[in-house]
Amino acid sequence: MQIEVISNSEEQTKNIAKSYAQSIKSPIVISLVGDLGAGKTTFTKGFCEGLGISELVTSPTFTIMNEYTSGRMPLYHFDMYRLSSKEEAMELGFMEYFDLRKLKGICIVEWAENVKGLLPALFVEINFIKIDDNTRKIQIGVKGWVK
């Protein structure tokens, strides 16, 4: 099953994410897919608001991962843009974050396609499709399988 919504502004994208975060339970891994400037980090900022996170939320493009702990559950925000393989992410020690049996919180992963095979067998994928400068189609669906 997939949910599809249209956002006509950054503020709407944040509000969609905020509502989604208020209903989510951990552990969960969420992959954000879309071109540069499609709204992935904007979505993450709204999602953090929905969790009650008070820290400043920024893109971890250069640090690769930011950890936010002030909300109702921890959130680990990854940006895999600069990585080129699952092995590279594993060398950095990120594998433990994607084990749903051990994860205490939520992982949001931008550019997960750069580290194929790192995410667990079951995860949520959110696609951001640019329609025009302000409008985005946001598709939310579950990927993988359940044992």
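Me: In this predicted model, how many of the 12 residues of α2 are buried?
Reply: Helix α2 is mostly covered, and its buried residues include Phe43, Phe47 and Leu51. These buried residues pack against α1 (10–23) and against several strands, among them β2 (28–33) and β5 (106–110). The number of buried residues in α2 is 9 of its 12.

Me: How far apart are the end C-alpha atoms of α2, and what span should its residues give?
Reply: At 1.5 Å a residue, the 12 residues of α2 should span 16 Å.

Me: Which side chain of opposite charge is nearest to buried Lys40, and how far away is it?
Reply: Lys40 lies in helix α2, which covers residues 40–51, and among the residues it touches are Asp35, Trp111 and Phe128. A salt bridge would require a side-chain nitrogen of Lys or Arg within 4 Å of a carboxyl oxygen of Asp or Glu. Lys40 is buried yet has no salt bridge, and the nearest side chain of opposite charge is Glu110, at 4.9 Å.

Me: What is the handedness of the crossover from β4 to β5?
Reply: Strands β4 and β5 run parallel and are joined by 5 bridges, with His77 standing opposite Ile108 in β5. The chain passes from β4 through helix α3 (residues 86–91) to β5, and this β-α-β crossover is right-handed.

Note on methods
Residues numbered from 1 in each chain as written. Predicted model: local features only at pLDDT ≥ 70, side-chain atom pairs only at ≥ 80, totals over all residues. Heavy atoms only, no water. Helix = DSSP H or I, 4+ residues; strand = E, 2+ residues; numbered from the N terminus. Buried < 20%, exposed > 50% of the residue type's maximum accessible area, 1.4 Å probe, protein only. Lys, Arg positive; Asp, Glu negative; His and termini not counted. Contact = heavy atoms within 4.5 Å. Expected span 1.5 Å × (residues − 1). Pairing = 2+ DSSP bridges. Right-handed = clockwise from strand over helix to strand, strands pointing away. Lists of a residue's contacts leave out its neighbours within four places in sequence.
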